[in-house]
Amino acid sequence: KLEEMYSEAHEKIREDPEHQLAEKKGVTHTRGEAGQMTSSDGTEHARSKKITLEQRRAKVAAKIAAAQAKLLAADEEEEDE
C-alpha cells in the first residue's frame with residue numbers, strides 16, 4: 001500500500017515536474033493571555049510558555065523527589081505487612 005502511494009506520487013511528478021506553490025489561506029494568529037493562540041478561522045490552541053533552565057531543573061528535581069517519596073512509602077507499607 002505504501003509502495004503504491006509513492007509510485008502514484010512519482011508518476012504525477014513525472015507528468016508535471018514543475019512545482020506549483022499552494023495558495024495561502026490568509027489565516028492570521030493572535031496571542032492571548034495565558035498562552036492562548038486564536039486563529040482567524042476560529043480555532044484556538046494552547047501554547048506553553050518557555051521556562052528557564054533553573055525552572056526546568058527545579059521541576060525535574062520535584063518529580064524525582066515525588067517518585068522517591070512514593071517508593072519509600074511503598075517500601076514502608078511492605079515492611080508493615
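Start by selecting Ser 39, which counts as buried because its relative accessibility is 7% (buried means under 20% relative accessible area, exposed over 50%, partly exposed in between, with a 1.4 Å probe and protein chains only). This is a predicted model, where local features need pLDDT of at least 70, side-chain atom pairs count only at pLDDT 80 or more, and totals for chains, interfaces and linings use all residues. Residues are numbered from 1 along each chain as its sequence is written, and side-chain values use heavy atoms, leaving out hydrogens and water.

Ser 39 itself sits in strand 2, residues 36-39.

Next, color by pLDDT, the predictor's confidence in each residue from 0 to 100. Helix 1 (residues 2-15) comes out highest at 94, while strand 1 (residues 29-31) is lowest at a mean of 85. The protein averages 89.

Zoom out and switch to cartoon. You'll find 2 helices and 3 strands (DSSP runs: H or I of at least four residues for helices, E of at least two for strands), in the order α-β-β-β-α. The radius of gyration is 26 Å, well over the 12 Å that the globule rule gives for 81 residues, so the protein is more spread out than a compact globule (taken over C-alpha atoms; the rule is 2.2 Å times the number of residues to the power 0.38).

Finally, show the surface: 2% of the 81 residues count as buried.
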